[in-house]
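Here's a quick briefing for anyone opening this structure without having seen it before. Have a look at the picture, then read on.

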Amino acid sequence: MNALALYGRYVVASLRAQAQYPTATLMLILGQCAATSIEILGVYALFSRFGSVGGWKFGEAALFYALVNITFSLADLLTRGFEVFGTDFVRTGAFDRVLLRPRAAALQLAGYEVRLSRLGRMMQAVAVLVIATRLAPIHWDAATVAMALWAITGGVAMFCGILVLQATMAFWTVESLEVANVLTYGGVQAAQYPLNIYATWFRRLLTFGVPLACVAYYPVLVILNRPDPLGAPDWLLPFTPLAGFAFLTLSFLAWRAGMARYASTGS
Amino acid sequence: MAPLRPYLAAFRARFQLLLEYRVAALAGFATQLWWGGIRIMVFAAFYGAHAAAAPISLADAITYVWLGQALLALQPWSADPEIGHAVRTGGVGYDSLRPLDAYGFWYARSLGWMLARALPRAVLMVLFAGFVLPLVGLGEWAWRPPSSLEAALLFIPAFVLMAALAAAVLMLANIVVAATLNERGVNSILTPVVIVFSGSMLPLNFYPKAWQSWLHLQPLAGIVDVPFRIYFADLHGGAALQGLALQAGWTLVLVAIGRLAMARMMRRLEMQGG
(Lines give C-alpha, C1' and ligand atoms only; values in the text may rest on other atoms or scores of the structure.)
Protein backbone atom coordinates (compact mmCIF):
# COMPACT_ATOMS: atom_id res chain seq x y z
CA MET A 1 0.00 0.00 0.00
CA ASN A 2 1.42 3.35 -0.94
CA ALA A 3 1.73 6.19 1.54
CA LEU A 4 -1.28 8.10 0.29
CA ALA A 5 -3.61 5.09 0.50
CA LEU A 6 -2.35 4.35 4.02
CA TYR A 7 -2.95 7.94 5.05
CA GLY A 8 -6.46 7.65 3.57
CA ARG A 9 -7.11 4.61 5.77
CA TYR A 10 -5.92 6.51 8.86
CA VAL A 11 -8.28 9.36 8.04
CA VAL A 12 -11.25 7.07 7.44
CA ALA A 13 -10.60 5.22 10.72
CA SER A 14 -10.45 8.50 12.63
CA LEU A 15 -13.64 9.82 11.02
CA ARG A 16 -15.51 6.59 11.72
CA ALA A 17 -14.46 6.76 15.36
CA GLN A 18 -15.94 10.24 15.66
CA ALA A 19 -19.09 9.20 13.77
CA GLN A 20 -19.79 6.74 16.59
CA TYR A 21 -20.66 9.75 18.77
CA PRO A 22 -22.50 12.03 16.35
CA THR A 23 -24.09 14.29 18.97
CA ALA A 24 -20.86 14.83 20.89
CA THR A 25 -18.99 15.56 17.65
CA LEU A 26 -21.63 18.04 16.55
CA MET A 27 -21.59 19.79 19.93
CA LEU A 28 -17.79 20.04 19.80
CA ILE A 29 -17.98 21.58 16.33
CA LEU A 30 -20.57 24.12 17.47
CA GLY A 31 -18.60 24.90 20.63
CA GLN A 32 -15.47 25.50 18.61
CA CYS A 33 -17.48 27.71 16.26
CA ALA A 34 -18.80 29.83 19.15
CA ALA A 35 -15.43 30.07 20.90
CA THR A 36 -13.55 31.21 17.81
CA SER A 37 -16.21 33.51 16.35
CA ILE A 38 -15.99 36.07 19.16
CA GLU A 39 -12.81 37.45 17.60
CA ILE A 40 -14.71 38.89 14.64
CA LEU A 41 -16.90 40.73 17.14
CA GLY A 42 -13.79 42.46 18.48
CA VAL A 43 -12.62 43.33 14.97
CA TYR A 44 -16.08 44.68 14.13
CA ALA A 45 -16.30 46.74 17.33
CA LEU A 46 -12.94 48.41 16.65
CA PHE A 47 -13.83 49.23 13.04
CA SER A 48 -17.28 50.52 13.94
CA ARG A 49 -15.70 52.85 16.49
CA PHE A 50 -12.63 54.05 14.56
CA GLY A 51 -13.92 53.80 10.97
CA SER A 52 -10.81 52.53 9.23
CA VAL A 53 -7.19 51.65 9.86
CA GLY A 54 -4.15 51.65 7.59
CA GLY A 55 -6.39 52.37 4.57
CA TRP A 56 -8.68 49.36 5.23
CA LYS A 57 -12.39 49.23 5.97
CA PHE A 58 -14.14 46.47 7.90
CA GLY A 59 -15.20 44.49 4.80
CA GLU A 60 -11.60 44.21 3.58
CA ALA A 61 -10.28 43.36 7.05
CA ALA A 62 -12.96 40.65 7.23
CA LEU A 63 -11.40 39.00 4.16
CA PHE A 64 -8.01 38.83 5.92
CA TYR A 65 -9.76 37.40 8.98
CA ALA A 66 -11.73 34.80 7.00
CA LEU A 67 -8.82 33.47 4.96
CA VAL A 68 -6.39 33.06 7.85
CA ASN A 69 -9.05 31.32 9.94
CA ILE A 70 -9.98 28.90 7.12
CA THR A 71 -6.28 28.18 6.62
CA PHE A 72 -5.58 27.56 10.28
CA SER A 73 -8.69 25.42 10.81
CA LEU A 74 -7.48 23.04 8.07
CA ALA A 75 -3.97 22.87 9.49
CA ASP A 76 -5.37 22.34 12.99
CA LEU A 77 -7.57 19.54 11.66
CA LEU A 78 -4.59 17.66 10.23
CA THR A 79 -1.81 18.01 12.79
CA ARG A 80 -3.14 16.59 16.07
CA GLY A 81 -0.44 13.93 16.14
CA PHE A 82 2.32 16.56 16.06
CA GLU A 83 0.56 18.75 18.61
CA VAL A 84 0.44 16.02 21.29
CA PHE A 85 3.71 14.40 20.17
CA GLY A 86 5.72 15.31 23.29
CA THR A 87 3.07 14.46 25.85
CA ASP A 88 1.48 11.41 24.25
CA PHE A 89 4.35 9.86 22.29
CA VAL A 90 7.80 10.83 23.63
CA ARG A 91 7.05 11.01 27.34
CA THR A 92 5.05 7.78 27.35
CA GLY A 93 7.48 5.90 25.11
CA ALA A 94 4.70 5.27 22.56
CA PHE A 95 6.99 6.68 19.87
CA ASP A 96 9.11 3.49 20.07
CA ARG A 97 6.10 1.58 18.80
CA VAL A 98 5.68 4.05 15.94
CA LEU A 99 9.34 3.56 14.98
CA LEU A 100 8.98 -0.21 14.89
CA ARG A 101 6.44 -0.04 12.08
CA PRO A 102 7.96 -0.06 8.57
CA ARG A 103 6.45 3.30 7.68
CA ALA A 104 7.59 6.91 8.00
CA ALA A 105 6.97 8.23 11.51
CA ALA A 106 5.76 11.57 10.17
CA LEU A 107 3.09 9.82 8.09
CA GLN A 108 1.80 7.89 11.10
CA LEU A 109 1.67 11.05 13.20
CA ALA A 110 -0.12 12.95 10.44
CA GLY A 111 -2.77 10.23 10.38
CA TYR A 112 -3.05 9.99 14.16
CA GLU A 113 -6.33 11.86 14.50
CA VAL A 114 -8.40 14.11 12.25
CA ARG A 115 -10.40 16.28 14.60
CA LEU A 116 -13.71 17.27 13.11
CA SER A 117 -14.32 19.73 15.96
CA ARG A 118 -11.87 22.06 14.22
CA LEU A 119 -14.43 22.57 11.47
CA GLY A 120 -16.18 24.92 13.90
CA ARG A 121 -13.56 27.56 13.25
CA MET A 122 -13.98 27.06 9.53
CA MET A 123 -17.77 27.47 9.75
CA GLN A 124 -17.54 30.92 11.29
CA ALA A 125 -14.71 31.89 8.92
CA VAL A 126 -16.84 30.94 5.89
CA ALA A 127 -19.71 33.04 7.30
CA VAL A 128 -17.31 35.97 7.66
CA LEU A 129 -16.11 35.37 4.10
CA VAL A 130 -19.69 35.77 2.85
CA ILE A 131 -20.05 39.01 4.82
CA ALA A 132 -16.72 40.27 3.47
CA THR A 133 -17.83 39.54 -0.09
CA ARG A 134 -20.95 41.65 0.42
CA LEU A 135 -19.15 44.56 2.06
CA ALA A 136 -15.91 44.84 0.11
CA PRO A 137 -15.23 45.13 -3.63
CA ILE A 138 -14.13 41.52 -4.11
CA HIS A 139 -14.66 40.04 -7.55
CA TRP A 140 -14.71 36.28 -7.31
CA ASP A 141 -13.69 34.88 -10.68
CA ALA A 142 -11.48 31.96 -11.67
CA ALA A 143 -8.30 33.94 -11.00
CA THR A 144 -9.18 35.22 -7.52
CA VAL A 145 -10.67 31.89 -6.40
CA ALA A 146 -7.50 30.14 -7.58
CA MET A 147 -5.43 32.73 -5.70
CA ALA A 148 -7.42 32.13 -2.52
CA LEU A 149 -7.02 28.35 -2.77
CA TRP A 150 -3.30 28.74 -3.52
CA ALA A 151 -2.89 31.01 -0.48
CA ILE A 152 -4.79 28.55 1.73
CA THR A 153 -2.62 25.65 0.53
CA GLY A 154 0.58 27.58 1.26
CA GLY A 155 -0.83 28.66 4.62
CA VAL A 156 -1.75 25.12 5.64
CA ALA A 157 1.81 24.08 4.77
CA MET A 158 3.21 26.90 6.91
CA PHE A 159 1.05 26.16 9.98
CA CYS A 160 1.83 22.44 9.62
CA GLY A 161 5.50 23.47 9.59
CA ILE A 162 5.06 25.24 12.93
CA LEU A 163 3.41 22.15 14.42
CA VAL A 164 6.22 19.93 13.10
CA LEU A 165 8.75 22.27 14.74
CA GLN A 166 6.78 22.12 18.00
CA ALA A 167 6.92 18.31 17.85
CA THR A 168 10.62 18.42 16.99
CA MET A 169 11.36 20.39 20.15
CA ALA A 170 9.96 17.47 22.15
CA PHE A 171 13.00 15.37 21.13
CA TRP A 172 14.98 17.68 23.40
CA THR A 173 12.41 18.71 26.01
CA VAL A 174 10.34 15.47 26.22
CA GLU A 175 7.22 17.52 26.96
CA SER A 176 5.08 19.33 24.37
CA LEU A 177 5.90 22.99 24.77
CA GLU A 178 2.89 25.24 24.53
CA VAL A 179 5.20 28.08 23.52
CA ALA A 180 4.48 27.18 19.89
CA ASN A 181 0.96 28.48 20.54
CA VAL A 182 2.28 32.02 20.21
CA LEU A 183 3.04 31.22 16.56
CA THR A 184 -0.13 29.24 15.78
CA TYR A 185 -2.94 30.88 17.71
CA GLY A 186 -0.91 34.05 18.10
CA GLY A 187 -0.20 34.06 14.38
CA VAL A 188 -3.89 33.80 13.58
CA GLN A 189 -4.58 36.58 16.07
CA ALA A 190 -2.03 38.82 14.37
CA ALA A 191 -3.08 37.98 10.79
CA GLN A 192 -6.74 38.75 11.50
CA TYR A 193 -5.80 42.36 10.83
CA PRO A 194 -4.01 43.58 7.68
CA LEU A 195 -0.33 43.28 8.55
CA ASN A 196 0.63 46.78 7.36
CA ILE A 197 -0.86 48.21 10.60
CA TYR A 198 1.89 46.65 12.72
CA ALA A 199 5.31 47.95 13.74
CA THR A 200 8.12 47.34 11.23
CA TRP A 201 10.08 44.78 13.30
CA PHE A 202 6.93 42.72 13.81
CA ARG A 203 6.07 42.77 10.09
CA ARG A 204 9.62 41.65 9.23
CA LEU A 205 9.35 38.80 11.74
CA LEU A 206 6.07 37.70 10.15
CA THR A 207 7.52 37.89 6.63
CA PHE A 208 11.05 36.54 6.92
CA GLY A 209 10.95 34.59 10.21
CA VAL A 210 7.58 32.86 10.12
CA PRO A 211 6.23 33.66 6.65
CA LEU A 212 2.70 34.44 7.81
CA ALA A 213 2.52 37.58 5.67
CA CYS A 214 3.34 35.53 2.57
CA VAL A 215 0.31 33.29 3.01
CA ALA A 216 -2.21 35.59 4.71
CA TYR A 217 -1.42 39.14 3.63
CA TYR A 218 0.18 39.45 0.18
CA PRO A 219 -2.23 36.98 -1.52
CA VAL A 220 -5.21 38.90 -0.11
CA LEU A 221 -3.81 42.07 -1.67
CA VAL A 222 -3.95 40.27 -5.02
CA ILE A 223 -7.57 39.20 -4.42
CA LEU A 224 -8.53 42.76 -3.46
CA ASN A 225 -6.55 44.07 -6.45
CA ARG A 226 -4.67 46.51 -4.24
CA PRO A 227 -0.98 47.41 -4.42
CA ASP A 228 1.03 46.76 -1.26
CA PRO A 229 0.90 49.93 0.87
CA LEU A 230 4.47 49.12 1.88
CA GLY A 231 5.75 48.81 -1.68
CA ALA A 232 6.32 45.11 -2.41
CA PRO A 233 6.35 44.75 -6.23
CA ASP A 234 3.03 43.59 -7.75
CA TRP A 235 4.53 40.76 -9.81
CA LEU A 236 5.95 39.16 -6.64
CA LEU A 237 2.70 38.95 -4.66
CA PRO A 238 1.12 35.85 -6.33
CA PHE A 239 4.28 33.82 -5.66
CA THR A 240 4.52 34.54 -1.96
CA PRO A 241 2.60 31.42 -0.74
CA LEU A 242 5.61 29.39 -1.91
CA ALA A 243 7.27 30.54 1.30
CA GLY A 244 4.82 28.33 3.24
CA PHE A 245 6.14 25.23 1.45
CA ALA A 246 9.73 26.34 1.99
CA PHE A 247 8.99 26.70 5.71
CA LEU A 248 7.45 23.21 5.86
CA THR A 249 10.51 21.76 4.10
CA LEU A 250 12.88 23.39 6.60
CA SER A 251 10.69 22.10 9.45
CA PHE A 252 10.99 18.54 8.18
CA LEU A 253 14.79 18.93 7.95
CA ALA A 254 14.77 19.89 11.64
CA TRP A 255 12.46 16.95 12.33
CA ARG A 256 14.95 14.56 10.74
CA ALA A 257 17.75 15.99 12.83
CA GLY A 258 15.61 15.44 15.91
CA MET A 259 14.76 11.87 14.90
CA ALA A 260 18.46 11.12 14.53
CA ARG A 261 19.12 11.95 18.15
CA TYR A 262 15.97 10.39 19.60
CA ALA A 263 16.61 8.14 22.58
CA SER A 264 13.65 6.38 24.11
CA THR A 265 12.43 7.50 27.52
CA GLY A 266 12.26 3.79 28.15
CA SER A 267 8.97 3.50 29.92
CA MET B 1 -11.32 33.09 63.09
CA ALA B 2 -11.44 29.43 64.17
CA PRO B 3 -14.53 28.49 62.09
CA LEU B 4 -12.74 29.75 58.98
CA ARG B 5 -9.61 27.65 59.47
CA PRO B 6 -10.53 24.65 57.32
CA TYR B 7 -11.42 26.93 54.40
CA LEU B 8 -8.16 28.85 54.75
CA ALA B 9 -6.29 25.56 54.86
CA ALA B 10 -8.00 24.38 51.67
CA PHE B 11 -7.10 27.66 49.99
CA ARG B 12 -3.48 27.52 51.18
CA ALA B 13 -2.93 23.91 50.16
CA ARG B 14 -4.10 24.53 46.62
CA PHE B 15 -2.21 27.81 46.37
CA GLN B 16 1.10 26.32 47.48
CA LEU B 17 0.75 23.27 45.26
CA LEU B 18 0.26 25.35 42.13
CA LEU B 19 3.13 27.71 42.95
CA GLU B 20 5.42 24.71 42.41
CA TYR B 21 4.71 24.75 38.67
CA ARG B 22 7.28 27.38 37.78
CA VAL B 23 7.80 26.34 34.16
CA ALA B 24 4.07 26.57 33.52
CA ALA B 25 4.11 30.09 34.96
CA LEU B 26 7.04 31.08 32.73
CA ALA B 27 5.41 29.62 29.62
CA GLY B 28 2.16 31.36 30.47
CA PHE B 29 4.02 34.61 30.96
CA ALA B 30 5.74 34.35 27.58
CA THR B 31 2.44 33.62 25.84
CA GLN B 32 0.67 36.51 27.53
CA LEU B 33 3.51 38.88 26.70
CA TRP B 34 3.20 38.05 23.01
CA TRP B 35 -0.58 38.34 23.14
CA GLY B 36 -0.41 41.65 24.96
CA GLY B 37 2.07 42.94 22.40
CA ILE B 38 -0.28 42.13 19.48
CA ARG B 39 -3.26 43.72 21.27
CA ILE B 40 -1.29 46.88 21.95
CA MET B 41 -0.08 47.17 18.36
CA VAL B 42 -3.67 46.80 17.13
CA PHE B 43 -4.83 49.52 19.54
CA ALA B 44 -1.98 51.79 18.53
CA ALA B 45 -2.85 51.39 14.85
CA PHE B 46 -6.52 52.28 15.40
CA TYR B 47 -5.63 55.21 17.67
CA GLY B 48 -3.22 56.41 15.00
CA ALA B 49 -6.09 56.49 12.51
CA HIS B 50 -8.68 58.32 14.56
CA ALA B 51 -7.75 58.79 18.23
CA ALA B 52 -10.65 61.14 18.95
CA ALA B 53 -13.17 58.30 18.53
CA ALA B 54 -11.76 56.34 21.46
CA PRO B 55 -13.41 56.36 24.89
CA ILE B 56 -10.07 56.20 26.78
CA SER B 57 -6.54 57.40 26.02
CA LEU B 58 -4.01 55.11 24.35
CA ALA B 59 -1.85 55.04 27.50
CA ASP B 60 -4.86 53.84 29.50
CA ALA B 61 -5.76 51.26 26.84
CA ILE B 62 -2.19 49.90 27.03
CA THR B 63 -2.35 49.69 30.81
CA TYR B 64 -5.71 47.92 30.43
CA VAL B 65 -4.12 45.32 28.13
CA TRP B 66 -1.18 44.65 30.49
CA LEU B 67 -3.45 44.40 33.54
CA GLY B 68 -5.66 41.97 31.64
CA GLN B 69 -2.73 39.81 30.54
CA ALA B 70 -1.21 39.84 34.04
CA LEU B 71 -4.45 38.77 35.71
CA LEU B 72 -5.66 36.47 32.92
CA ALA B 73 -5.75 33.40 35.17
CA LEU B 74 -8.16 35.22 37.51
CA GLN B 75 -10.84 35.15 34.84
CA PRO B 76 -13.32 32.29 35.20
CA TRP B 77 -12.91 30.83 31.70
CA SER B 78 -12.96 27.18 32.58
CA ALA B 79 -14.30 25.13 35.46
CA ASP B 80 -11.86 23.91 38.11
CA PRO B 81 -10.48 20.66 36.60
CA GLU B 82 -10.18 19.03 40.05
CA ILE B 83 -13.92 19.27 40.62
CA GLY B 84 -14.70 17.38 37.42
CA HIS B 85 -12.12 14.78 38.39
CA ALA B 86 -13.53 14.45 41.93
CA VAL B 87 -17.04 13.96 40.59
CA ARG B 88 -16.03 11.35 38.02
CA THR B 89 -13.94 9.32 40.45
CA GLY B 90 -16.34 9.57 43.36
CA GLY B 91 -13.93 11.72 45.37
CA VAL B 92 -16.77 14.18 45.79
CA GLY B 93 -18.17 11.74 48.37
CA TYR B 94 -15.45 12.81 50.80
CA ASP B 95 -16.40 16.43 50.27
CA SER B 96 -20.01 15.74 51.17
CA LEU B 97 -18.93 13.85 54.32
CA ARG B 98 -16.78 16.67 55.70
CA PRO B 99 -18.32 18.58 58.61
CA LEU B 100 -17.93 21.70 56.52
CA ASP B 101 -19.99 23.79 54.21
CA ALA B 102 -19.30 22.11 50.86
CA TYR B 103 -19.85 25.34 48.91
CA GLY B 104 -17.38 27.25 51.07
CA PHE B 105 -14.84 24.46 50.77
CA TRP B 106 -14.96 24.34 46.97
CA TYR B 107 -15.05 28.12 46.78
CA ALA B 108 -11.85 28.41 48.83
CA ARG B 109 -10.08 25.81 46.70
CA SER B 110 -11.17 27.38 43.43
CA LEU B 111 -10.06 30.81 44.62
CA GLY B 112 -6.68 29.35 45.58
CA TRP B 113 -6.40 27.73 42.16
CA MET B 114 -7.07 31.02 40.35
CA LEU B 115 -4.87 33.22 42.53
CA ALA B 116 -1.92 30.84 42.52
CA ARG B 117 -1.87 30.79 38.72
CA ALA B 118 -2.43 34.52 38.43
CA LEU B 119 0.00 36.00 40.96
CA PRO B 120 3.40 34.72 39.70
CA ARG B 121 2.51 35.83 36.17
CA ALA B 122 1.30 39.17 37.48
CA VAL B 123 4.61 39.75 39.26
CA LEU B 124 6.59 38.89 36.12
CA MET B 125 4.32 41.13 34.06
CA VAL B 126 4.74 44.10 36.44
CA LEU B 127 8.51 43.66 36.30
CA PHE B 128 8.57 43.46 32.53
CA ALA B 129 5.82 45.83 31.38
CA GLY B 130 6.11 48.21 34.33
CA PHE B 131 9.89 48.47 34.77
CA VAL B 132 11.87 46.86 31.92
CA LEU B 133 9.90 48.53 29.09
CA PRO B 134 10.47 52.11 30.37
CA LEU B 135 14.14 51.32 31.07
CA VAL B 136 14.80 50.19 27.50
CA GLY B 137 13.17 53.32 26.12
CA LEU B 138 9.74 51.89 25.33
CA GLY B 139 8.03 53.96 28.01
CA GLU B 140 4.99 54.69 25.83
CA TRP B 141 4.18 50.94 25.69
CA ALA B 142 4.59 50.52 29.45
CA TRP B 143 2.17 49.49 32.16
CA ARG B 144 1.50 52.72 34.11
CA PRO B 145 1.07 52.89 37.89
CA PRO B 146 -2.44 53.79 39.18
CA SER B 147 -3.48 57.27 38.06
CA SER B 148 -3.71 58.72 41.58
CA LEU B 149 -3.45 57.77 45.23
CA GLU B 150 -7.24 57.62 45.32
CA ALA B 151 -7.27 55.22 42.35
CA ALA B 152 -4.62 53.05 43.99
CA LEU B 153 -6.57 52.87 47.25
CA LEU B 154 -9.84 52.10 45.45
CA PHE B 155 -8.15 49.40 43.36
CA ILE B 156 -7.44 47.35 46.50
CA PRO B 157 -11.12 46.58 47.28
CA ALA B 158 -11.81 46.39 43.53
CA PHE B 159 -9.16 43.68 43.18
CA VAL B 160 -10.49 41.73 46.17
CA LEU B 161 -14.04 41.91 44.81
CA MET B 162 -12.83 41.00 41.33
CA ALA B 163 -11.32 37.77 42.70
CA ALA B 164 -14.39 37.08 44.87
CA LEU B 165 -16.78 37.61 41.95
CA ALA B 166 -14.66 35.55 39.57
CA ALA B 167 -14.65 32.65 42.05
CA ALA B 168 -18.44 32.95 42.42
CA VAL B 169 -18.85 32.68 38.62
CA LEU B 170 -16.43 29.77 38.55
CA MET B 171 -18.43 28.01 41.27
CA LEU B 172 -21.56 28.12 39.09
CA ALA B 173 -19.56 26.44 36.34
CA ASN B 174 -18.19 23.89 38.83
CA ILE B 175 -21.70 23.02 39.94
CA VAL B 176 -22.84 22.44 36.36
CA VAL B 177 -19.78 20.23 35.84
CA ALA B 178 -20.66 18.23 38.95
CA ALA B 179 -24.24 17.81 37.75
CA THR B 180 -23.32 16.82 34.18
CA LEU B 181 -20.03 14.99 34.92
CA ASN B 182 -18.22 16.72 32.07
CA GLU B 183 -16.50 20.09 31.82
CA ARG B 184 -16.22 20.29 28.03
CA GLY B 185 -19.74 21.57 27.45
CA VAL B 186 -19.63 24.17 30.21
CA ASN B 187 -16.24 25.48 29.19
CA SER B 188 -17.16 25.81 25.53
CA ILE B 189 -19.95 28.21 26.52
CA LEU B 190 -18.24 29.88 29.47
CA THR B 191 -14.99 30.85 27.74
CA PRO B 192 -16.39 33.01 24.92
CA VAL B 193 -19.03 34.56 27.17
CA VAL B 194 -16.47 35.59 29.78
CA ILE B 195 -13.96 36.88 27.20
CA VAL B 196 -16.55 39.15 25.58
CA PHE B 197 -18.68 40.34 28.48
CA SER B 198 -15.98 40.82 31.11
CA GLY B 199 -14.22 43.30 28.86
CA SER B 200 -11.26 40.96 28.48
CA MET B 201 -11.29 41.20 24.69
CA LEU B 202 -12.07 44.92 24.53
CA PRO B 203 -12.97 47.45 27.24
CA LEU B 204 -16.78 47.46 27.31
CA ASN B 205 -16.90 51.13 26.24
CA PHE B 206 -15.49 50.14 22.85
CA TYR B 207 -18.58 48.14 21.91
CA PRO B 208 -21.37 49.89 19.95
CA LYS B 209 -23.24 52.54 21.94
CA ALA B 210 -26.60 50.78 21.79
CA TRP B 211 -25.23 47.95 23.95
CA GLN B 212 -23.65 50.14 26.61
CA SER B 213 -26.48 50.40 29.15
CA TRP B 214 -26.83 46.70 29.84
CA LEU B 215 -23.16 45.82 29.21
CA HIS B 216 -22.20 47.88 32.24
CA LEU B 217 -24.83 46.32 34.51
CA GLN B 218 -24.22 42.62 33.85
CA PRO B 219 -22.16 40.70 36.43
CA LEU B 220 -19.11 39.90 34.28
CA ALA B 221 -18.29 43.61 33.97
CA GLY B 222 -17.09 43.42 37.59
CA ILE B 223 -14.37 40.90 36.67
CA VAL B 224 -12.30 43.03 34.30
CA ASP B 225 -13.85 46.26 33.09
CA VAL B 226 -14.82 47.84 36.43
CA PRO B 227 -11.65 47.13 38.46
CA PHE B 228 -9.33 48.10 35.59
CA ARG B 229 -11.12 51.38 34.95
CA ILE B 230 -10.89 52.14 38.65
CA TYR B 231 -7.12 51.51 38.38
CA PHE B 232 -6.58 54.31 35.84
CA ALA B 233 -9.31 56.50 37.34
CA ASP B 234 -11.64 56.32 34.34
CA LEU B 235 -14.09 55.46 37.11
CA HIS B 236 -13.47 57.78 40.06
CA GLY B 237 -15.37 59.28 42.97
CA GLY B 238 -19.03 58.26 42.95
CA ALA B 239 -18.73 56.20 39.75
CA ALA B 240 -15.94 54.14 41.33
CA LEU B 241 -18.06 53.48 44.40
CA GLN B 242 -20.94 52.44 42.14
CA GLY B 243 -18.55 50.06 40.40
CA LEU B 244 -17.51 48.52 43.73
CA ALA B 245 -21.19 48.21 44.69
CA LEU B 246 -21.89 46.42 41.40
CA GLN B 247 -19.05 43.98 42.09
CA ALA B 248 -20.16 43.35 45.69
CA GLY B 249 -23.84 43.07 44.78
CA TRP B 250 -23.29 40.55 41.98
CA THR B 251 -20.89 38.56 44.18
CA LEU B 252 -23.60 38.20 46.83
CA VAL B 253 -26.27 37.31 44.25
CA LEU B 254 -24.10 34.72 42.49
CA VAL B 255 -22.94 33.17 45.77
CA ALA B 256 -26.58 32.88 46.88
CA ILE B 257 -27.59 31.25 43.58
CA GLY B 258 -24.53 29.01 43.76
CA ARG B 259 -25.37 27.86 47.29
CA LEU B 260 -28.94 26.99 46.31
CA ALA B 261 -27.80 25.16 43.18
CA MET B 262 -25.08 23.33 45.07
CA ALA B 263 -27.47 22.13 47.80
CA ARG B 264 -29.83 20.85 45.12
CA MET B 265 -27.03 19.22 43.16
CA MET B 266 -25.56 17.51 46.26
CA ARG B 267 -28.95 16.04 47.15
CA ARG B 268 -29.32 14.50 43.70
CA LEU B 269 -25.70 13.52 43.23
CA GLU B 270 -25.11 9.91 42.28
CA MET B 271 -21.69 8.65 43.35
CA GLN B 272 -19.43 7.56 40.50
CA GLY B 273 -16.44 5.30 40.66
CA GLY B 274 -15.97 2.54 43.15
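In this predicted model, 24 residues of chain B are in contact with 28 residues of chain A.

**Where the chains meet**

- Which elements of chain B give two or more residues to the side that touches chain A? They are helix 2 (22-50) and helix 8 (183-197) of chain B.
- Helix 2 of chain B gives the most to that side, with twelve residues.
- Sort the residues on chain B's side of the contact by class and you get 19 nonpolar, five polar and no charged.

**Chain A as a whole**

- Chain A has 14 helices and zero strands, so if you walk along it from the N terminus, the elements simply read α each time.
- Its radius of gyration is 19 Å, close to the 18 Å that the globule rule gives for 267 residues, so chain A is as compact as a globular protein of that length.
- Picture a box of roughly 60 × 40 × 35 Å along the principal axes: that's what the C-alpha atoms of chain A fill.
- Of the 267 residues in chain A, 43% count as buried.
- Take the contacts in chain A between residues at least 6 apart in sequence: 81% of them join residues at least 24 apart.

**Helix 2 against helix 3 in chain B**

- Helix 2 of chain B, the one that gives the most to the side touching chain A, also packs against helix 3 (residues 58-70) of chain B, with the axes 9 Å apart and an angle of about 160°.
- Angles over 145 degrees count as roughly antiparallel, and therefore helix 2 and helix 3 of chain B are roughly antiparallel to each other.
- The crossing of these two helices is right-handed.
- On the helix 2 side, the contact residues include B:Trp35, B:Arg39 and B:Phe43, while on the helix 3 side they include B:Leu58, B:Ile62 and B:Trp66.
- By class, this contact has ten nonpolar, three polar and one charged residues.

**Helix 4 against helix 7 in chain B**

- The axes of helix 4 (residues 81-89) and helix 7 (residues 149-180) of chain B come within 9 Å and cross at roughly 25°.
- Are these two roughly parallel or roughly antiparallel? Angles under 35 degrees count as roughly parallel, and therefore helix 4 and helix 7 of chain B are roughly parallel to each other.
- Helix 4 of chain B passes helix 7 of chain B in a right-handed crossing.
- B:Ile83, B:Gly84 and B:Val87 make the contact from helix 4 of chain B, and B:Asn174, B:Val177 and B:Ala178 make it from helix 7 of chain B.
- Those contact residues split into four nonpolar, two polar and no charged.

**Two loop residues with positive phi**

- A:Asn225 has a phi near 55°, a positive value in a residue other than glycine.
- You'll find A:Asn225 in the loop between helix 13 (218-224) and helix 14 (242-260) of chain A.
- With 11 other C-beta atoms within 10 Å, A:Asn225 is exposed.
- Over in chain B, B:Ala233 has a phi near 60°, again a positive value in a residue other than glycine.
- B:Ala233 lies in the loop between helix 10 (225-231) and helix 11 (238-268) of chain B.
- B:Ala233 is partly exposed, with 19 other C-beta atoms within 10 Å.

Note on methods:
Residues are numbered from 1 along each chain as its sequence is written. Chains are lettered from A and ligands numbered from 1 in the order in which they are written. This is a predicted model: local features need pLDDT of at least 70, side-chain atom pairs count only at pLDDT 80 or more; totals for chains, interfaces and linings use all residues. Two residues are in contact if their C-beta atoms, placed from the backbone, lie within 7 Å. Helices (H or I, at least four residues) and strands (E, at least two) are DSSP runs, numbered from the N terminus. Ala, Val, Leu, Ile, Met, Phe, Trp, Tyr, Cys and Pro count as nonpolar, Asp, Glu, Lys and Arg as charged, and the others, Gly among them, as polar. A residue is buried if 20 or more other C-beta atoms lie within 10 Å of its own, exposed if 12 or fewer, and partly exposed in between; C-beta atoms are placed from the backbone. Axes are lines fitted to C-alpha atoms, for helices over the stretch in contact, and angles run from 0 to 180 degrees between N-to-C directions. Angles under 35 degrees count as roughly parallel, over 145 as roughly antiparallel, 65 to 115 as roughly perpendicular and the rest as oblique. A crossing is left-handed if the near helix is turned anticlockwise from the far one by less than a right angle, and right-handed if clockwise. The radius of gyration is taken over C-alpha atoms; the globule rule is 2.2 Å times the number of residues to the power 0.38.
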